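Open your viewer and get ready to select residues. We will go stop by stop.

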Amino acid sequence: MRLNLFAFACGHHAAAWRSPDSSVDRLGDIAYWERLAGIAERGKLDAIFLADGQSAGLGAVGSGPLWFLEPLTTLAAIARATENIGLVTTVSSTFWTPFHAARLLASLDHISRGRVGVNVVTSMTDDEARNHSMERLPNHEQRYQRAEEFIEVLLRLWDSWPADAIVADPASTYIDESRLRAVEHLGNWFSVGGPLNVPQSPQGRPALFQAGASQPGRALAARYADGIYAVAWDSETARDYRNDVLARAAALGRDPSQIAIMPGLVTYVASTESEAKQRQRELNDLLPIQDSLDQLSFFVGVDTSGWDLDAPVPPLAPLEEFSGPKGRYATVLRIIETARPTVRELLGFLAAGGGHATFIGTPHGIADEIERWVDTGAADGFNLMPPTLPSGIEDFVDHVVPELQRRGRFRRDYAQRTLRARLGGR
């Protein structure tokens, strides 16, 4: 199975930064990020993944840290501090140009000797657009049309300077220019001549990731992705998503076994289940209740301010009657249906990852649940989202990984050199 660390701020729980032992004062220290990558590498994880946003998050950042160091810069430092861990960054096809992205990513792939992946996103907010000379984001359909063209040009640029074109013969020439391939792309969104001015990187090209849940997002992932970051609260939802994307990929002539689908996973690990639940409660108790209820009101489209925190969640309208964003609402309905949480417990689940799968218990119990998801076709592995960092990933690496290794379900050492090979490609 594949396991990535999704490293974010002080952890994925919204109250992680409020904890007395939080890492909030270290977010601008590159040693902090190098340490997280080192822990993940000690656990033989496939990669460390850094998300990104293109605005300060005014209106949200007051509730906790979002972004600090720019991801590509951070991963360049991590590349020099590690040997094997994959390095996955986020790039917005809405704001970047293909040549710029191709050059930076190919350079990082050379620096890391073939460990780079890129998660191509289409971005989400008009605040981000205004930082890139746009009044607002293009509509959803346009963003995905641009994303497909962006990826197509990326792939052509990465193939435009074959590594073996470098002759380096002092008696004749440095490079056989006849081997270079012009791109000469003129599309709806981009005009690129090429070739790229970076030779082909060690793994041929960086690994491509996608995280879209919409129909255009699924289509894009099926056509191009080596790895897919999915959102699924339970294994049934995850299995439906995985079956759909893999069927789309097969219909396009791709080998589905070369695509790794990794839902997000929040884990609370302890020696007993009651201790693990106590760790979750301690974090949940740090949440500003009014802020959390206001967020829940937005998610479900009703005023939740008067809800009894320790009572079951009141009945909500069915999905087909909800007029707001349906993806998050569907996740909320699924959490209520399967977990039967109190209002306070629902706020805690949403605060740690926003509705991703959440496993709470002992290393043995969590390993059981991981195996069940993989063995029933719900996932090829997981994008780990520790509620706190670094302690959450240390707990997983020190206790869950050895249990998976003991069962023969996870590597004890790295066998493949490049990230793409690890994901199932060449």
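Are phenylalanine 6 and phenylalanine 49 buried or exposed? Select them: both are buried. Keep in mind that this model is predicted.

**Stop 1: the aromatic rings**

A pair of aromatic rings is described by the distance of the centres and the angle of the planes. The model has 12 aromatic pairs. Phenylalanine 6 and phenylalanine 49 make one of them: their ring centres are 4.8 Å apart and their planes meet at 50°, so the pair is tilted. Now colour the strands. Phenylalanine 6 sits in strand 1 (residues 2-6), and phenylalanine 49 in strand 2 (residues 47-49). The pair links distant parts of the chain, 43 residues apart.

Next, select tryptophan 373 and phenylalanine 382. Their rings form a tilted aromatic pair, 5.5 Å centre to centre with 55° between the planes. Tryptophan 373 and phenylalanine 382 are both buried.

**Stop 2: a charged residue**

Go to arginine 420 in helix 14 (residues 419-423). Its relative accessible area is 9%, so arginine 420 is buried.

**Stop 3: two helices**

Show helix 1 (residues 30-42) and helix 13 (residues 391-406). They pack at about 15°, with axes 9 Å apart. Helix 1 and helix 13 are therefore roughly parallel. The crossing is left-handed. Now show side chains. On helix 1, pick Arg35, Leu36, Ile39 and Arg42. They meet Ile393, Glu394, Val397 and Asp398 of helix 13. This contact has four nonpolar, four charged and no polar residues.

Note on methods. Residues numbered from 1 in each chain as written. Predicted model: local features only at pLDDT ≥ 70, side-chain atom pairs only at ≥ 80, totals over all residues. Heavy atoms only, no water. Axes fitted to C-alpha atoms, helices over the stretch in contact; angles between N-to-C directions. Helix = DSSP H or I, 4+ residues; strand = E, 2+ residues; numbered from the N terminus. Parallel < 35°, antiparallel > 145°, perpendicular 65-115°, else oblique. Left-handed = near helix turned anticlockwise from the far one by under 90°. Contact = heavy atoms within 4.5 Å. Nonpolar A, V, L, I, M, F, W, Y, C, P; charged D, E, K, R; others polar. Buried < 20%, exposed > 50% of the residue type's maximum accessible area, 1.4 Å probe, protein only. Phe/Tyr/Trp six-rings, centres within 6.5 Å; stacked < 30°, edge-to-face > 60°.
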